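Keep the picture open beside you as you work.

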Amino acid sequence: MQTIKVCDVSKNYGDVQALQQVNLELARGKIYGLLGRNGAGKSTLLKIIAERIKPSSGRVLYDGTPTLDDVTSREIYFSEPENTLPEMMKVKDFCYYTSQFYPRFNLDEALQLLKEFGINEKKRLNQLSTGYYAIVRSIVALQTRAGFIFMDEPTLGHDAVNRELLYDEILRIYREEQNTIVLSTHLIDEVSNLLEEVILLDHGRIILEDSLEGVMDTHSYISGLSEPVRQIAGMYTVIDKKEDLGFTTLLVKKSKDAPAAPALPSGINVSQAGLQDIFIAYCKNQDK
Amino acid sequence: MKTNRKNKPLLVSAVRVMTRDYGKFFISFFGVMTALYLIGFIVNLSGGNMKIGGIEGVYFIACFVAGLASFKEDFFFMAQNQVPKSTMTKAFIIEGFLFGIVTSFAVNVFAHVMAWISSTINHEIPRFIDLIPRVDDNGGLSGFGRNFVIILSLYVAIYFIGLMLGTINYRLNWLGRVIFWVPFGFLMLNGFIGTLQYYLDNIDPEELEVLSVALAKPFINAIDWLMQNLGNFIITCAAVTVFCIVVGALTFRGAEVKYSKAK
C-alpha cells in the first residue's frame, strides 16, 4: 500500500464535532507528526483511519479502495493508549500472537528489546505500569513492520531515557522498512528531530500541514520596538503577537512563494521559531 | 531474523489466536468435573448416596458462557491486529464449531470413562439425565458417535446463542441493555422454571407455578417436540445455530470498538 487518503471526514459525538471535514493524504516512506492539543481530534482521526470507528461522513481510501482486505490490512497497525488489549495476556504472548498477524514481525528482536527496557515478558499486560505498557505497545507496533504504523501517545508515562531509546528505535525501524510512521504526541520539541511532515490539528480541523522543513522555513519570530515592527507586520501573516513595554514580538508566516524579504529596519531581529512555539501560536490563534 | 515466515492466511491466524486458551479452559473445566465425580465415587463407595443431578447443565453453561464472553475480547484483539470484519465473522463461526467439536468429544469421552468406572466398581454415579440421551444406554462406537452428534448439535447451538447475545449486548447502550435484557431475562427464566417443573416435578402445564403460564407453555411444547426424535433435535439445533449466526453476523457488521479509558 502506498497511500492513505482521508476524504472530507467528519465525526460527531452527540453535539460535539470531533472532526470537521478533514482532508489528508499520507504517503509511504515518511514520518509524520500529528500534533494537537487534548481533544483536538488526533485520536479520533487515527481510529477512523485504522477502522476502529466509523466517520459520521466522508471516507478513507487505502490505495484508492474504501475498505481494507486481508492483504492491505497487513499494511496497517495502530497502537493506542486505551485499554483494548486482553488484560490477562502475558507480554510475551502479546508479542507472539501479534506476530501471527504480521509476517515481518521479528519476535526475537521484540523480546530482546523488551528485556533491554527492563520489562518482564512473563508479566500480564494489566500488571504493567502506564510507562511499561506504553513501551510494550510501542515496541510491538514497530516490530509489526507494517507499511503504515500509527502510534498514539507512544511515550505516555515514559521517563526521559526510555523516550530517547524509543525514538532511536523508531528511526531504526524506519530506516530498515522505509515505512510510514505517524506519531501523535504532545511532546513536540522531542519528536521534532524525527519528523518529516507536520500535521497540526485543532478543534477537529487541520490548521497546518507541511513538511517540517517547510514549516521551519516559513515561520519565524520578528521582534523589536513596537512601531518599526508594526510597520513591517503587513508583509507577513501574523500568527501570534506579544507586546511588552513598547517591545513587540511577532510569530509570522511568510508565503513560500514570496519574494525575498526587503532589508528590515534597524533594531528588528529575526529569529528561528521552534516547532512547539509555532504549535502553541497556532492553537492560541484558533482560540481567538 | 525470526519472523512469521509461514505467512499464514489471515483467517488461519485469527482462528489460531481465538483458540489460544482452549488448553487452559479444558484443563480447568475437566479438572473441576473430575474432582466432582471423584467425590461422588468416594461418597458412594463409603456407603453414601451422592448424586449430582443435572451435572450436564454445567457443560451447557460452559458453552453458553464461552460464546458470551469470547466476543468482546476477541473482537478487540482482532481489531487491534486489523483483521477485517468479514474475516473476523468467518473466524468466529469456525471457532464456534471447533469449540463445539472439541467440547463434545471431550465430554463424550469423559462421560464414557465415568460410566466405565461406574460399571467396573458396580456403583451408581452421577450421569447425563434425560434431557439428552443417556450415555450408558448407547454403548459401543455407534453409541459414542450418536452421542457425539447429539452433543455437538446442542453445544454448537448453545455456543452461538451465547455469541449472538454477546454481540447484541455489545452493540447496545445501557438503556438498550435494560430494554433488551429485562424482558428477555424474564421470558427465559419463566420458561426455564416452567420446563423444569414440567419435566422434573411432572406438573401439568396448566398448573405451573410461574409468573406466566402462557409464556412458559411454548418452551415446554418446543422441548417436547424436539425431544420426540433425533431428527427433530438435530434440525432444531441446526436451525437455532443458523439463526444465531445470521443475526450475530448482521449485528456485528456495524460494530465499532468501544473505548473505555487509557491505561
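This is a predicted model: local features need pLDDT of at least 70, side-chain atom pairs count only at pLDDT 80 or more; totals for chains, interfaces and linings use all residues.

Residues are numbered from 1 along each chain as its sequence is written, while chains are lettered from A and ligands numbered from 1 in the order in which they are written.

**Exercise 1. Describe the make-up of chain A and of chain B.**

Step 1: list the elements. Helices (H or I, at least four residues) and strands (E, at least two) are DSSP runs, numbered from the N terminus. Chain A has 9 helices and 13 strands. Chain B has 8 helices and 0 strands, and its order from the N terminus is α-α-α-α-α-α-α-α.

Step 2: look at burial. A residue is buried if 20 or more other C-beta atoms lie within 10 Å of its own, exposed if 12 or fewer, and partly exposed in between, with C-beta atoms placed from the backbone. In chain A, 41% of the 288 residues count as buried. For chain B, the buried share is 29% of 263 residues.

Step 3: look at contacts. Two residues are in contact if their C-beta atoms, placed from the backbone, lie within 7 Å. Taking contacts in chain A between residues at least 6 apart in sequence, 71% join residues at least 24 apart. In chain B, 73% of the contacts with a separation of 6 or more link residues 24 or more positions apart.

Step 4: Along the principal axes, the C-alpha atoms of chain A fill a box of roughly 65 × 40 × 35 Å.

**Exercise 2. Work out how helix H4 of chain A sits in its surroundings.**

Step 1: check the length. H4(A) has 14 residues and spans 20 Å from its first C-alpha to its last, close to the 20 Å expected at 1.5 Å a residue. The expected span is 1.5 Å times one less than the number of residues.

Step 2: check burial. Of the 14 residues of H4(A), 12 are buried, so this helix is largely enclosed by the rest of the structure. Among them are A:Tyr132, A:Ile135 and A:Leu142.

Step 3: find the partners. The buried residues of H4(A) pack against S5, H2, H3, strand S6 (148-152) and H5 of chain A.

Step 4: see what comes next. After H4(A) comes A:Arg145, whose phi is positive, near 55 degrees.

**Exercise 3. Describe the packing of H4 (residues 130-143) against H5 (residues 160-177) in chain A.**

Step 1: recall the approach. Two packed helices are described by the angle between their axes and the distance between the axes.

Step 2: apply it. The two axes come within 10 Å and cross at roughly 10 degrees. Axes here are lines fitted to C-alpha atoms, for helices over the stretch in contact, and angles run from 0 to 180 degrees between N-to-C directions.

Step 3: name the arrangement. That angle makes H4(A) roughly parallel to H5(A). Angles under 35 degrees count as roughly parallel, over 145 as roughly antiparallel, 65 to 115 as roughly perpendicular and the rest as oblique.

Step 4: list the residues. H4(A) contributes A:Gly131, A:Ile135, A:Ser138 and A:Leu142, and H5(A) contributes A:Asn162, A:Leu166, A:Glu169, A:Ile170 and A:Ile173. By class, this contact has 5 nonpolar, 3 polar and 1 charged residues. Ala, Val, Leu, Ile, Met, Phe, Trp, Tyr, Cys and Pro count as nonpolar, Asp, Glu, Lys and Arg as charged, and the others, Gly among them, as polar.

**Exercise 4. Describe the side of chain A that touches chain B.**

Step 1: count. The contact takes 30 residues from chain A and 27 residues from chain B.

Step 2: find the elements. Those of chain A giving two or more residues are strand S5 (76-79), helix H2 (91-99), helix H3 (107-116) and H4. H2(A) gives the most, with 3 residues.

Step 3: sort by class. The chain A side divides into 15 nonpolar, 8 polar and 7 charged residues.

**Exercise 5. Is B:Tyr159 buried or exposed?**

Step 1: locate the residue. B:Tyr159 is in helix H5 (residues 140-171) of chain B.

Step 2: apply the cut-off. B:Tyr159 has 28 other C-beta atoms within 10 Å, so this residue is buried.

Step 3: name its contacts. Not counting residues up to four places away in sequence, B:Tyr159 touches B:Cys63, B:Ala66, B:Gly67, B:Gly96, B:Phe99 and B:Gly100.
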